[in-house]
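These are my notebook entries on a structure I consulted, kept in the order in which I looked things up.

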Amino acid sequence: MEPNKYSAETEAIIKNYTTLNLGPTHPATHGIFQNILTMDGEIVVDAEQTVGYIHRAFEKIAERRTWYQITTLTDRLNYCSSPINNIGYQLAVEKLFGVETNKRIDYMRVIIMELARIADHLICNSVIGVDTGALTGFLYVMQEREKIYDIFEDICGARLTTNIGRLGGFERDFAPETIQKIKDFIKGYPKVLAEFEKLLMRNRIFMDRTIKVGPISAERATAYGFSGPNLRAAGVDYDVRVSTPYSSYNDFDFIIPTGTQGDTYDRFCVREAEMWESLKIIKQAVDNLPEGKPYVDVPEIVLPPKEEVYSKMEPLIWHFKVVMGEVNTPVGEVYSAVEGGNGELGFYIVSDGGRTPYRLHFRRPCFIYYQAYPEMIRGGMLSDAIITMSSMNIIAGELDA
Amino acid sequence: MLQKDDIISKLKETFASAILAVEDPDGIATFTIASESIIPVTQFLREQLGFNFLTDLCGIHYPDQELPLGVIYHLHNFQENVRVRLKAFVPGENPSIATATDLFPAANWMERETFDFYGIIFEGHPNLKRILNVEYMDYYPMRKEYPLEDPTRHDKEDQFFGR
Amino acid sequence: MTTYTKVAPPEGFSAPGLFATSFEKVLGLARSYSIWPLPFATSCCGIEFMATVASHYDLGRFGAERLSYSPRQADLLMVMGTIAKKMAPVVQQVYEQMAEPRWVMAVGACASSGGIFDTYSVLQGIDRIVPVDVYVPGCPPRPEQILDGFMKVQELVKNESLRKRYSPEYREMLERFSITPITPAGQH
């Protein structure tokens, strides 16, 4: 603020403002961001944001790693739904290599991505509950999230940072037990979700705390580059799964829920509705899971079977070449996006034919929409600012890359 | 329906001299624009052709080119569901380009990030300072000449197995 | 009926109506089952920590039900996730604000050594700025591993000498990290 920008009267008002530091390790920020708030009593007048407290230089690392090794990095972007990041990256590389995957791979990916979306939305929505003073819902749905993690563990061996699948498919097929676990989840989950909704959705206190809190109009949201549930809550029905269908999403029957106000309550409701839709998609995918191989026959990116690598010379050389990146990489550039847990997760790859990407840029949705935060909380109470932040689903790891 | 060819012909009609190259690498029409006309072109795309969503803005560095530093814009038209990609290259000495924040508020942080990584100055930007790195950093880490690794580590100094 | 195991008493001398042991051991036992952790969660490991405190794994079973978000009341600083160089002064400040006795647990590869992020912006392990008692490996560690690390901290707390925090060695160690010791010198 420049010293003589305002009149004497305004200066006097500004002098009465308090400055409040929120973060970077405040427990209510759910991540490490710093906000220096200018307060008029309890009312937020302005916020100055500082980010970058967990900048890990993903894009620089990606320039030094082979195509294979970058999937591990993408885990750590939006760690609430890392399978979506993994598969999003794999789809982008497959687009660069011009690989077409079969329906089975697509359906398996869809199942995993939708499970991840549910896990992501569950955390976000239950944390809105925690911030409005209802810890019950959080403890309740965490149990359900453990079941999703259990399924991921069956598929790839890890819970959170999954590194699921491979370029060109999966390393192995779903085990029958995994399919059974997914079916059990579909059966058991609606009851829990309905109960969770009953706890909060028509709860008077929750509604009073969230309706008309942190609103944004459709025009401003588009201008600020919002995407995902936050944009849809503002009333724009943009979803990457529908606008540019990837991984056979056009085979499934689902709707895009939208809100009207763009406030915290709408964001909550859109996420709830999306979880129901995800469940619908998983059900369709599991019921119609086509037959086929779980990986494509493209030696440039697909590793040979492990047993052969250990016993035969040729597969060993092949394995070595793929891992070291000594394959024929096409020259070109690709932008490929998937619908991540909190918006359009884009991968912009520039390849010069080398063993690593020449440039890999991640379009990280929350980095782009978090800049609208001061505008959304201006004029509201301090407690509303906290709820607005948790309802925007901002993930520090993704934001700071 | 707005087709890719329509966009190309309309842009070529209006900005004949500013468009240096047109490509189509991955189904997205890609234009290389002279850096001084990037804002008029973006404005035309936004106001005349309905590209009202700035998907992405990032930098790139080609050390061997005459104009080594580049800025890449991805725009999206929601109604027609078309994307375009714009590229503008700037010199390595005093790289500067006009800011897009007046057209898209979303460009604010993306330009700060590009400045932080590549040192490209966005003229007219309301608050152009480092965003992800520490303020006292004195180089632009994403440029190709700078190393990735942390310089303070000595445990990896090994003749055979070191980095 | 639920069966439960009582915490075993420390070594001591017992007779009818009497139990004698050293003050140190009683204090260690009491402290180890009432640790107030300060979750300093920055990234992925923080999400696993959420799972650890939530219903399924329940850190509260180990006497750490009460998470202390204020460093003043906390006993154990649990650093979970990558610490960037921008964040490093904050970690040190939080550590300095904690009262003695204080313990530090580095959860996950990033907090322990920088992990996969050997980059210009990431601090290569928090033991460069604060002394660490327990390292938990994993990227991220599973909740069971975090619990195991927590039990290791309990073990340390239980067996700590009352004089340790006043010893010249301890003060020297803190000064190596440029942290001013808060316990007075030369007592006990």
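This is a predicted model: local features need pLDDT of at least 70, side-chain atom pairs count only at pLDDT 80 or more; totals for chains, interfaces and linings use all residues.

Entry 1. Leu73(A) belongs to helix α3 of chain A, which covers residues 70–75.

Entry 2. Which residues does Leu73(A) touch, leaving aside those up to four places away in sequence? I noted Phe58(A), Ile61(A) and Ala62(A). For Phe58(A) I also looked up the spacing: 15 residues separate Phe58(A) from Leu73(A) in sequence, and their C-alpha atoms are 7.0 Å apart.

Entry 3. I turned to chain B as a whole. I found three helices and seven strands in chain B, and their order along the sequence reads α-β-β-α-β-β-β-β-α-β. Along the principal axes, the C-alpha atoms of chain B occupy a box of roughly 60 × 35 × 30 Å. Chain B has 163 residues, of which 39% are buried. I also checked the contacts in chain B with a separation of 6 or more: 50% of them join residues 24 or more positions apart.

Entry 4. How many residues of chain B are in contact with chain A? I recorded 26 residues of chain B, facing 31 residues of chain A. On the chain B side, the elements that give two or more residues are β3 (53–61) and α3 (107–118). β3(B) gives the most, with six residues. By class, I listed 17 nonpolar, six polar and three charged residues on this side of chain B.

Entry 5. I repeated the look-up for chain C against chain A. Here 26 residues of chain C are in contact with 25 residues of chain A. Within chain C, α2 (44–53) and α3 (88–97) each supply at least two residues of the side that touches chain A. Which element of chain C has the largest share of that side? I noted α2(C), with four residues. The side of chain C that touches chain A comprises 16 nonpolar, seven polar and three charged residues.

How values were computed:
Residues are numbered from 1 along each chain as its sequence is written. Chains are lettered from A and ligands numbered from 1 in the order in which they are written. Two residues are in contact if their C-beta atoms, placed from the backbone, lie within 7 Å. Ala, Val, Leu, Ile, Met, Phe, Trp, Tyr, Cys and Pro count as nonpolar, Asp, Glu, Lys and Arg as charged, and the others, Gly among them, as polar. A residue is buried if 20 or more other C-beta atoms lie within 10 Å of its own, exposed if 12 or fewer, and partly exposed in between; C-beta atoms are placed from the backbone.
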